[in-house]
2 protein chains.
Amino acid sequence: VRIADLSSRSGTSIASIKFYLREGLLPAGRPTGPNRAEYDEDHLHRLRLIRALIDVGGLSVATARDVLAAVDRRDLTSHSLMGTAHKPLSGPDRHDPDEPGWVAARAEVTELAGRRGWRVAPDSPELDRAADAVAALRSLGQHDLVALDRYADAVEPLARAEVDQVLARREPARMVEGVVCGTILGERLLAALRRLAHQDASARRTPDLANGAG
Amino acid sequence: VRIADLSSRSGTSIASIKFYLREGLLPAGRPTGPNRAEYDEDHLHRLRLIRALIDVGGLSVATARDVLAAVDRRDLTSHSLMGTAHKPLSGPDRHDPDEPGWVAARAEVTELAGRRGWRVAPDSPELDRAADAVAALRSLGQHDLVALDRYADAVEPLARAEVDQVLARREPARMVEGVVCGTILGERLLAALRRLAHQDASARRTPDLANGAG
């Protein structure tokens with residue numbers, strides 16, 4: 001199809017499509033003449049993935065590019081692709097690794113992972129990200145909200161079911177896309193549903209409120 | 001204390017502190033002379049909150065300002081503060097409300113909330129955000145990852161325990177800060193722990209890998 005069709009079928013403006021082409025997120029179409037190219041279903045799918053990462057997932061263009069590069073690699077085992085897909089998503093280090101509060105929080109998270117028997121690399125950036133949140137909560141005196149086992153109880157069965165599902169896929173390309181989508185879009189979904197559950201729990205605890213109002 | 005002490009005690013550069021003052025995120029200090037001001041423990045605490053929202057939570061300065069305005073309001077009931085604290089966090093609408101895929105996803109999420117008996121406002125922006133993720137997953141053919149009840153099972157007990165904890169606080173200021181921190185930092189913590197649980201589940205399903213490697 002032509003770029004105009006790609007635009008209408010994906011709900012993405014031609015300007016955005018040209019931007020993604022220029023930035024290397026979307027592969028070039030098959031040239032059919034000067035300033036003309038033909039796009040196919042793979043382009044449409046890739047465009048949906050780009051928009052999911054950027055518009056829904058909130059990734060920067062640079063991070064989306066790194067994630068898509070992981071998606072495009074075909075030499076990964078199912079396990080190493082998880083690390084490869086997670087890596088660009090975990091973002092830059094924002095903590096000061098010598099700050100005592102952060103060091104204590106990192107030890108707390110490492111201890112949690114050990115206690116739960118989680119097989120994770122000791123230098124996993126996700127341990128640092130969890131420590132960032134724990135250190136911030138503690139620095140603000142929100143100690144009762146650092147209920148790490150409560151969080152672990154929530155994510156463990158979810159993560160196991162998701163990994164089983166994704167690893168059961170036969171094509172590696174579908175597998176790695178499942179990891180990326182499950183991670184990014186799943187996080188957004190989880191966050192939105194947790195907020196809805198907060199609103200519900202709060203409404204139940206405030207019986208003078210009408211159903212769902214307020 | 002002087003701005004230099006505020007800087008060293010909070011691990012924030014003087015330039016950043018001046019930026020937060022200029023942007024209205026941090027209240028001005030008590031003037032003690034031309035170009036001199038005195039700051040107190042409240043400033044230090046506010047500075048930690050600002051950095052938690054921006055550095056750990058990834059909020060923009062504008063969104064952080066809106067969240068802090070909600071924190072500073074003293075006229076909110078415990079329930080309405082949840083909506084007020086959530087509102088700036090839910091971000092702008094990014095979906096096309098007439099797009100059939102999105103409309104179907106929104107109905108799916110509304111149905112979930114109804115089925116679970118969640119007391120949430122029918123126009124809650126969190127329902128839109130959940131629909132964004134569901135619509136993106138479906139547009140990418142990741143139908144098996146749209147396991148809404150699995151997500152709801154994960155967040156319900158977590159959210160109820162958190163709301164109980166925060167509503168049990170006696171000072172309203174501590175309550176609203178608990179909502180904000182619990183929402184933003186809790187989401188980051190939940191996301192990081194879910195990724196760690198993914199890595200663990202993947203390592204278990206790939207028995208040829210050494211502990212935590214790969």
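**A friendly note on the chain A and chain B model**

1. Let's start where the chains meet: 86 residues of chain B are in contact (heavy atoms within 4.5 Å) with 86 residues of chain A. This is a predicted model, in which local features need pLDDT of at least 70 and side-chain atom pairs count only at pLDDT 80 or more, while totals for chains, interfaces and linings use all residues. Residues are numbered from 1 along each chain as its sequence is written, chains are lettered from A in the order in which they are written, and side-chain values use heavy atoms, leaving out hydrogens and water.

2. About 8800 Å² is buried between chain B and chain A, with 63% given by carbon and sulfur atoms. Buried area here is the accessible area (1.4 Å probe) lost by two parts on being put together, summed over both.

3. The interface holds 12 salt bridges (a side-chain nitrogen of Lys or Arg within 4 Å of a carboxyl oxygen of Asp or Glu). One to look at joins A:Arg195 and B:Glu187, whose closest N and O atoms are 2.6 Å apart.

4. Now for a helix (a DSSP run of H or I, at least four residues, numbered from the N terminus).

5. In α7(A), 12 of the 15 residues are buried (under 20% relative accessible area, 1.4 Å probe, protein chains only). Among them are A:Glu126, A:Asp128 and A:Arg129. Just after α7(A), A:Gly141 has a positive phi of about 75°.

Definitions and conventions:
Buried < 20%, exposed > 50% of the residue type's maximum accessible area, 1.4 Å probe, protein only. Helix = DSSP H or I, 4+ residues; strand = E, 2+ residues; numbered from the N terminus.
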